[in-house]
Amino acid sequence: MSKNNKNIQLYIILFGVFWTKAAAILSMPFLTLFLHNKVNLSLTAIGFIVGIQPLAVCFGGLIGGYLSDIFKKRNIMLISVLSSGFIFICFYLTSFIQNTFFQFLLFAFLNLLNGFSSAFFTPISRVILTELASNSEENIKFMHMRYIAINLSATVGPLLGAYAGIAANSSAFLITAIAYLIYFFILLISVKHLTLKMDTSIKEDKFKNFFTAFKLHISNKPFFYLLLSTGIFSMLYVQMNTNLALIIEKNITQGTIFFSWMLSLNAILVILIQPLIYLITKKMRQKIIYFVGFLINIFAGASLFISPISKISIIAFFIFLSVAEVLIYPVSGVLTAEMTDDKNKGIAFGLLDLTNLGSAIGPLFGGFLLQHYATKGFAIGFLAVTIISSIFIVKKIFDQNPQIEAKIQS
């Protein structure tokens, strides 16, 4: 592959990651507030609706990743982006329905579909980036570039939504839909550049038993513990985009604007510190960086527990969680690539999307704690889960990792 063609493919994928994430962030982080303020649903019902999307991502990503090992990745990407655009149009239309129960059912169903449609894009983009990487160091670099693209979009989306007056309003769904459809046509025009592996024809020998491939990866103990610990972190991290909105709205004046600033602060911090962390840690063992991320996450929970809720404590929470995020999410992608062979990277990254099960459980778990035990109970739960997972799960990656080390050394 020529360097020019490689760069074109790289920028097509990175732009897609940026654009689709920006489109989703324009509306989805405010879904909790929209359902609470406009539809008047209970916190438990909201937690169910918000949590069902990452639940669908879990299994949609697994299926999409497996199919990316078989079919043309570019076609699956096109279907994913187009269907997401139409789903957000349905979100917009559903917001005008007057029957609350019917709205609840439709929002839950649409968010389920939204999870499936968006899930295909994520593992395929990761697989393409690992295919483009010539060596381990370049793989680490591309994973960090992908995460920077995600957080560049996260910087723009919330503030644009808040100051344009569309945050937590139905019009945000329509604008998100338009953004997805724009990228669909961009991708359709540029798809000729995506001459990727397995894109010229379907290989019959790739039609292996799905469950056999699944069992093969799950039986890899280091990979299993990586999935489990990343899923637990996702359960904690999703609080930033869901239940923290309710805590801020209750305790901070002009909470919606402040929440928008906090989401952008998270994205800005990641953008600023990620290149520095990449330069410092690119020669280090990635499992150590991963573990340090969990240790820093303890300080995030402590910032909500040791002092009354204020702007300072909320800012501290976002800062610590942002640092932990940079140390955990990109590294989980790097470790996944190092733990699996080239022929099965699609299903491996699809399995990594199973960690979104934590994001599905998180809103319901956090909403339950917040509703029954207030903010302090929420903070105690956050701390307890982080500490327990650090001691009993993340440590397992250290104890059972000979094949990881071998691949890192090579």
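Reader: Why is Ala374 called partly exposed?

Author: Keep in mind that this model is predicted. Ala374 has 44% relative accessibility, and partly exposed covers what lies between under 20% (buried) and over 50% (exposed), so Ala374 counts as partly exposed. Ala374 sits in helix H16, and its phi is near 65 degrees, a positive value in a residue other than glycine. Most residues other than glycine have a negative phi.

Reader: What makes Phe15 and Trp19 a stacked pair?

Author: Their ring centres are 5.7 Å apart, and a pair needs centres within 6.5 Å. The planes stand at 25 degrees, while stacked means under 30 degrees, so the pair is stacked. Both residues belong to helix H1, 4 residues apart, which means about one helical turn separates them.

Reader: And why is the pair of Phe121 and Tyr183 called edge-to-face?

Author: Here the angle between the planes is 85 degrees, and edge-to-face needs over 60. Phe121 is in helix H6 and Tyr183 in helix H8, so the pair ties together parts 62 residues apart in sequence.

Reader: How do you know that Tyr183 is buried?

Author: Tyr183 has 1% relative accessibility, and buried means under 20%, so Tyr183 counts as buried. Phe121, at 7%, counts as buried by that cut-off.

Note on methods. Residues are numbered from 1 along each chain as its sequence is written. This is a predicted model: local features need pLDDT of at least 70, side-chain atom pairs count only at pLDDT 80 or more; totals for chains, interfaces and linings use all residues. Side-chain values use heavy atoms; hydrogens and water are left out. Helices (H or I, at least four residues) and strands (E, at least two) are DSSP runs, numbered from the N terminus. Buried means under 20% relative accessible area, exposed over 50%, partly exposed in between (1.4 Å probe, protein chains only). Rings of Phe, Tyr and Trp (its six-membered ring) pair if their centres lie within 6.5 Å; planes under 30 degrees apart count as stacked, over 60 as edge-to-face and the rest as tilted.
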